[in-house]
Amino acid sequence: MNIDTLKTTAQAMVAPGRGILAMDESSPTCNKRFEGLGIPTTIEMRREYRTMLVSSPGLGDHIGGAILFDETLRDHTTDGRSFVQALQEQGIVPGIKVDTGAKDLALHPGEKVTEGLDGLGPRLAEYSELGARFAKWRAVYTVTDSLPSQACYTANAHALARYAALCQENDIVPIVEPEVLIDGNHDLGRSFEVTQHAQHTVFAALADQDVDLRGIVLKPSMVISGAGAADRAGIREVAQETLRCLSSTVPAAVPGIAFLSGGQSDEEATQHLNAMNEIGGSLPWAVTFSYGRALQAAAMKRWAGHSDNVESARQVAFHRAQMNGAAALGQYSSEMEKAA
Ligand code: 5MM
């Protein structure tokens, strides 16, 4: 493990005013999004769509890293460059999703554990050869009055830590993603409790596996009311409680925290991030974004599978990246949306 390499990569991914573009939808998920917009679910259309995204002019000003799915890491853009090359030309670090999905957790109905550890070492070595400099593994936690179970916390933390150790052994920065799902009626306090315990368990497991925290990026969910909660907390409260939670769980050695959007609207995700950076003061870590839907949804809708729309879709993708880049500096305002 070369810690200097890991630190350099992690710092590039979360450099000031930059975040991460999560474009690592597996083919079934990407197809589901396409179906919703009447776009044919073929590999050619996925290639066209992803070419549109990575070729958005100026994207690298606000995006430090892009997470790809296996299909894309091995693929070429419609103009014949490898996706890795296209990202590098924008100054964006290429990364790869390496988990094989969240599967039912034995003896625990309604809960999931993320799989993909078998053969991961050799897969990471190959991904490194192909140009990936960081990886991603997502664990999911369902919230009810009685869930998550301790079994869910422990199993997912152990898998995340084993994955992170394997990444670092291959000089690949692990993005460690414990996602507390927004689905449900839980209030902000319950979200805090579950998120804090998930993060505590994950950092304990990372320590057990001797993962060097200077060479990881944490990708958490925000402390936020459940999507179906009666009285959902406002922007400021979400930002304050999220920072309070992270300050109690995340060691200062971690270079960056890059949030997932988790079903928030585009602007809500941007506002929450901005509020955190506004009120954060001198935080020990970079606080930025690693959004999937909140960066892509509007651009995908604008593109809608028509080549005539590529240029305007690129502008839409750039705009969302620019807004979130500003939020990562605490310099975003809703007037910027209107002005654009
Ligand atoms: C881009 O979506 C990723 C999941 O894809 P699969 O479910 O097909 O594996 C997902 O892990 C994503 O990277 C994160 O959840 C962040 O995305 P959001 O949309 O929550 O910001």
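How many nonpolar, polar and charged residues does the shell around the ligand have? By class, the shell holds 3 nonpolar, 5 polar and 9 charged residues, where Ala, Val, Leu, Ile, Met, Phe, Trp, Tyr, Cys and Pro count as nonpolar, Asp, Glu, Lys and Arg as charged, and the others, Gly among them, as polar. This is a predicted model, in which local features need pLDDT of at least 70 and side-chain atom pairs count only at pLDDT 80 or more, while totals for chains, interfaces and linings use all residues. Residues are numbered from 1 along each chain as its sequence is written, and side-chain values use heavy atoms, with hydrogens and water left out.

**Ligand site**

- The ligand is surrounded by 17 residues, the closest being Ser 26, Thr 29, Lys 97, Lys 136 and Ser 261; a residue is near a molecule if one of its heavy atoms lies within 4 Å of it.
- Strands β6 (134-141) and β7 (173-180) each contribute at least two residues to this shell, strands being DSSP runs of E with at least two residues and helices runs of H or I with at least four, numbered from the N terminus.

**Polar contacts (pairs of N or O atoms within 3.5 Å)**

- An N or O atom in the side chain of Thr 29 is 2.5 Å from an oxygen atom of the ligand, and a polar backbone atom of Gly 262 is 2.8 Å from a ligand oxygen atom.
- A polar side-chain atom of Glu 177 lies 3.3 Å from an oxygen atom of the ligand.

**Barrel**

- In the order β1-β2-β3-β6-β7-β8-β9-β10, 8 strands close into a barrel with parallel pairing; two strands pair if DSSP finds at least two bridges between them.
- Strand β8 (residues 217-218) is joined to the parallel strand β9 (residues 256-259) by 2 bridges, and Val 217 has Gly 256 as its bridge partner in β9.

**Backbone geometry**

- Most residues other than glycine have a negative phi, and most peptide bonds are trans.
- The peptide bond from Leu 147 to Pro 148 is cis, with omega near 5°, and Pro 148 is placed in the loop between β6 and α7 (150-169).
- Leu 107, although not a glycine, has a positive phi of about 70°, and Leu 107 is found in the loop between β4 (102-104) and β5 (112-114).

Methods: A polar contact is a pair of N or O atoms within 3.5 Å; within protein, one must be able to donate a hydrogen and the other to accept it, and residues adjacent in sequence count only if both atoms are side-chain atoms.
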